[in-house]
Amino acid sequence: MTDVLLLDVEDGVAVLTMNRPEARNALNAALRAAVPRALRELDAREDVRAIILTGADPAFTAGIDLKELSTSAEAAEAALPGADGNGPFPLISKPLIGAVNGPAVTGGFEYALACDFLIASDRARFADTHGRVGIMPGWGLTVNLVNSIGVRRARQMSFTGDYIDARTAFAWGLVNEVVPHEELLPRCREIARSITQCLPDAVANLHGTYHQIRLSQDREAWQIEGRRSNEWMASSFDRERLAANREAIQRRGSGQV
């Protein structure tokens, strides 16, 4: 599709691979635009029944591109698309499986949480480092993470910025399964093929029902996150401070991974 996003479609299953391995698939402007666009296009294709989102090894995605964010006011503004209840992705009718092959951090963690469910490699790691970077969640992390693992564990992750490994993520209910790294995509394809064997209109209706119920329960929470995030980014986000701390943040993350 583009250099930063690869696509493979086979037997009704689409695999989208975020492809900036040299930057640990950090979400620069090009990648943030490419993923939602691809999801819309795949949702409209009759030959696609289920979608898998993954990253080129060694990471799922390290989150917002800190170099771009620390040097561009436009990048800071574009990183927060608003609180419409969809997070970083458009509302689609087809199931989206997150194949977490490595670290999923901050905005990348929000990408994972926006999937319908997650299958993790034993190399997967998860962290919310918004507090260390000095930005705020705007893609639903404070809603989706609480729904996944409970408020106390969510607070621990957000307040510390510490990483959890795949086994902890499974024990906490964040991921559905943990598999050996080389079995990750085969297992996700196997699950996706099971989806393709169901009635497509029935799956689409179930998907929409889950989304509508979630939004009806959490709409106010999304609005609160969006408002507070936008206020922070407008008044308190400090690009110079991020630029000064960027290498230390990245070293700490590499050390924990």
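Helix 6 (residues 141-149) and helix 7 (residues 151-160) pack at an angle of about 130°, with their axes 7 Å apart. Axes here are lines fitted to C-alpha atoms, for helices over the stretch in contact, and angles run from 0 to 180 degrees between N-to-C directions. Helices (H or I, at least four residues) and strands (E, at least two) are DSSP runs, numbered from the N terminus.

This is a predicted model, where local features need pLDDT of at least 70, side-chain atom pairs count only at pLDDT 80 or more, and totals for chains, interfaces and linings use all residues. Residues are numbered from 1 along each chain as its sequence is written, and side-chain values use heavy atoms, without hydrogens and water.

Helix 6 and helix 7 are therefore oblique to each other. Angles under 35 degrees count as roughly parallel, over 145 as roughly antiparallel, 65 to 115 as roughly perpendicular and the rest as oblique. In contact (heavy atoms within 4.5 Å), L141, L145, V146 and I149 of helix 6 meet V151, R153, A154, M157 and S158 of helix 7.

Now turn to helix 9 (residues 184-196). Its 13 residues should span 18 Å at 1.5 Å a residue, and the end C-alpha atoms are 19 Å apart, which agrees. The expected span is 1.5 Å times one less than the number of residues. L184, C188, I191, A192, I195 and T196 are buried in helix 9, meaning under 20% relative accessible area (1.4 Å probe, protein chains only). Seen down the axis, these buried residues fall within an arc of 150°, so they line one face of helix 9. The arc is that of the directions from the helix axis to the C-beta atoms. Their cover includes strand 3 (50-55) and helix 10 (200-235).

Definitions and conventions. Buried means under 20% relative accessible area, exposed over 50%, partly exposed in between (1.4 Å probe, protein chains only).
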